[in-house]
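Reader: Before I rely on any label attached to this protein, I would like to hear how each label is reached. Could you take me through the terms and the values behind them?

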Amino acid sequence: MANYTPFASQIWYNSRKAAMIKIQTLSAPEGKGRRGESGQMDGIVIVDKPAGWTSMDVCARLRGVFRQRRAGHAGTLDPMATGVLPVFLGRATRAVEYAAGGDKEYLATLRLGVITDTQDTTGRVLERRAVTVSQAELEALLPRFTGEIEQIPPMYSAVKQGGKKLYQLARQGLEVERKPRRAVIRALELTGGGPEEYGLRVLCGKGTYIRTLCHDLGAALGCGGAMSSLRRTMAAGYTLADAVPLEEILSAPDPAALLRPVDSCFAQFPAAVARGRALRLAQNGNPFPWEGPEGRWRVYAPDGAFLLLGSCRAGVMYTEKSFFEVT
């Protein structure tokens, strides 16, 4: 994401002159969002979250820093976890649903020989067992947990059951039966360690519980296991190289300089510039003719303002989500 520019260099022309769209090479200020007349700042700030903060605590604090009422994040990090937390502010919150659904990468530490009620080492220890397994045995187990797997959500999670979040029931000393959920582990490898603690690198899809993965690995080995550390290294396409420590954001003399434009999270899609009748149609939420390849597109106004994420089907561009302000 560090070298993001909003427009591709390839040029496309629509033969319908009344609704001509063109992709052209343009550049936008790197890492800048938008400041409104009231001082409110829209955009995305990539936070390197410290331990001890909930994801919503971070959002609440940043609402004040950026003078915004709306803030959302691209995937919860537990208080003990650190790392990449993309926070969306103002109109950029409209992109959260796309960002939160993407793959994420983690560096985790698995501690063998311990079982806790939270499946990580912040919880109450339920049982300790001797560790007699080797690194080779653990490594041989990893393919079983790669690909599409099932996980039972931990009791200390925000999953709702019977109208209540599981962690609310767990705090009352209750444990209820939970249905397994599908998770996708795209890559799982050891990064070192032993004999009782091992580093793991995990690339996974939405909704994967890394502490449950650690618990299940320990259970499969017969000695039990829990997660003792977690650092997210990638989310929504942003990496640690893009992230700014929270304390630096809170003390920044010009926080707006740390914002990225909302279209940066759609950089994988081609860009189009709507002109003439196509621009008027787009600004009114109407579909417009387009002869480019089918799929998702970033659509801009001639002045470079990001209008919408569109979907081209059968020669017509449809608005999937708009990002411009209605005046």
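**How the labels are reached**

Author: Among contacts in the protein chain between residues at least 6 apart in sequence, 67% join residues at least 24 apart, where contact means heavy atoms within 4.5 Å. This is a predicted model, in which local features need pLDDT of at least 70, side-chain atom pairs count only at pLDDT 80 or more, and totals for chains, interfaces and linings use all residues. Residues are numbered from 1 along each chain as its sequence is written, and side-chain values use heavy atoms, with hydrogens and water left out.

Reader: How many helices and strands does the protein chain have, and what counts as one?

Author: The protein chain has seven helices and 21 strands; helices (H or I, at least four residues) and strands (E, at least two) are DSSP runs, numbered from the N terminus.

Reader: Why is H215 called partly exposed?

Author: Buried means under 20% relative accessible area and exposed over 50%, with partly exposed in between (1.4 Å probe, protein chains only). H215 has 22% relative accessibility, so it counts as partly exposed. H215 belongs to helix α5 and, leaving aside residues up to four places away in sequence, touches I115, Q119 and G225. The C-alpha atoms of H215 and R111 are separated by 9.2 Å, although these residues are 104 apart along the chain. For the protein chain, 49% of the 327 residues count as buried.

Reader: How do you know that the buried residues of α1 line one face of the helix?

Author: The buried residues of α1, which spans residues 55-65, are S55, V58, C59 and L62. Seen down the axis of α1, these residues fall within an arc of 100°, so they line one face of the helix; the arc is that of the directions from the helix axis to the C-beta atoms. In general, an α-helix has 3.6 residues a turn, so residues three or four places apart point the same way. The cover over the buried residues of α1 includes β3 (41-49), β4 (71-73), β5 (82-89) and α6 (246-251). After α1 comes R67, with a positive phi near 55°.

Reader: Which residues of α7 are buried, and why are they said to line one face?

Author: In helix α7 (residues 276-283) the buried residues are A278, L279, L281 and A282. Their arc, seen down the axis of α7, is within 165°, so they too line one face of the helix. G285, which follows α7, has a positive phi near 80°.

Reader: What makes one space a pocket and another a cavity?

Author: On a 1 Å grid over the protein atoms alone, a cavity is a set of points where a 1.4 Å probe fits but cannot get out, whereas a pocket is an open set with protein on both sides within 12 Å along at least five of seven lines; lining residues have an atom within 4 Å of a point. The largest pocket has a volume of about 1200 Å³, and among its 36 lining residues the closest to its centre are T76, D78, A158, Y209 and R211. The most, three residues, comes from β14.

Reader: Which residues line the largest cavity?

Author: The search of the whole structure finds one cavity of 30 Å³ or more, and the largest cavity holds about 40 Å³ of space. Its lining consists of Q151, P153, R181, R182, A183, G207 and Y209, with the largest share, three residues, coming from strand β12 (residues 181-193).

Methods: Points joined across faces, edges and corners; volume = space filled by probe spheres on them.
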